[in-house]
Amino acid sequence: MTRSKSFLPTALVPLIAFALALACMALLVAFSSRTPLQSLLSFFTKPFSSPWFFGNMLDMAGLLILAGTGSALALRAGAFNLGGEAQIYAPALAASVILVRLMPGVLDVAGVAGVTGVAGVAGVAIIALAASLALGALLGLIPGILRAKLGISELLSSFLLSAALVPVADYLVARPFRDTGGNLLATKAIDASLRLPSILPPSHLNVSFIVAVSVACIAWFFVSRTAPGYRLRMTGEARDFARYAGLPVNRATVLAMTASGSLHALAGYFAVTGTWYRCHEGFSEGMGWSALAVALVARKNPLVVIPAALAFSWLETASDAAVLSAAIPFEATPILQAIVFLVISAQYLPSRRRS
């Protein structure tokens, strides 16, 4: 009986919060523009007005689904992964360097060995993907082990590790790995043969979106319908009880953080091979934090991460489109995003009080 009384308000809180956030955004857009009606129209309709905007919105959502699923898995185990920025950026840089620097040599070797060019390209892509996943897993594994073995909060260690690595990645992009033939602080563009197949040209939407949705569905099935997933949930919801019941809570934490790092890395790899085709300075651009916000909005449910990521991507695309079409100040975009997640995150307050 208690459950039925609390279900409806709990389910409505995110919808009400999002409606309030949209109202706040509408007011901000209206008061920031000299043409309020045009700005509001652009804000709500522009993401669906052309294949370019719609495809890019879905492409960004796919990346957020992957990283958000990683954050949700860590949260399910009772761990906060605050290292998403470096777990996206560093593997993306590693993938970019491997794809750019190994490609010519591998094709030469393939020609000498009589291997087809397709096989050589596939080999380079697999090497880059494996390196990215391994690096992301390592960046998640370290805070997980520190939590399990030394009792050091993964919240603090993952954040500090990320904060230390992001400037290093910026330096590597701007100095030794920079494409000196261009004006950007970025690596060289990867070869066209290494880029993911496009779905909705001329946008950046590619097959990674399908992979991202599939990964989120698989993660939901794992968490909700398997014995290891049950142990993971139990570790996050009642750690002391799980330990008393003989469950390997430390192992669950380490594995969840490792998986979280790998999924963040996969988002970075897809961003290089499907969206930007190179790694530029400040590559992650807050994507790790956005993914954590998406996971929190989704209440740690990998399946709900999909609509949450789509909502955030729509928000970002809509605000960017309004900026470009109606002379809204550029500062409006992060303000609009902050309003949404500040209001939606308030949904956790009632559940905390009830617990």
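## Tyrosine 89 and its contacts

Contact here means heavy atoms within 4.5 Å. By that rule, tyrosine 89 touches Val166, Ala169, Asp170, Val173, Cys279, His280, Glu281, Gly282, Phe283 and Ser284, leaving aside residues up to four places away in sequence. This is a predicted model, in which local features need pLDDT of at least 70 and side-chain atom pairs count only at pLDDT 80 or more, while totals for chains, interfaces and linings use all residues. Residues are numbered from 1 along each chain as its sequence is written, and side-chain values use heavy atoms, with hydrogens and water left out.

You will find tyrosine 89 in helix 4, residues 84-113 (helices are DSSP runs of H or I with at least four residues, numbered from the N terminus). Tyrosine 89 has a relative accessible area of 1%, so it counts as buried (buried is under 20%, exposed over 50% and partly exposed in between, with a 1.4 Å probe and protein chains only).

## Cysteines

One of the residues that tyrosine 89 touches is Cys279, and cysteine 279 is buried because its relative accessibility is 0%. Cysteine 217, at 33%, is partly exposed. The structure holds zero disulfides (pairs of cysteine sulfur atoms within 2.5 Å).

## The cavity lining

The lining of the largest cavity consists of Asn81, Leu82, Gly83, Gly84, Glu85, Gly288, Trp289 and Leu292 (on a 1 Å grid over the protein atoms alone, a cavity is a set of points where a 1.4 Å probe fits but cannot get out, and lining residues have an atom within 4 Å of a point). Helix 4 and helix 11 (287-297) each give two or more residues to this lining, and helix 11 gives the most, with three.

Key:
1 Å grid on protein atoms, 1.4 Å probe; cavity = no way out; pocket = protein on both sides within 12 Å on 5 of 7 lines; lining within 4 Å.
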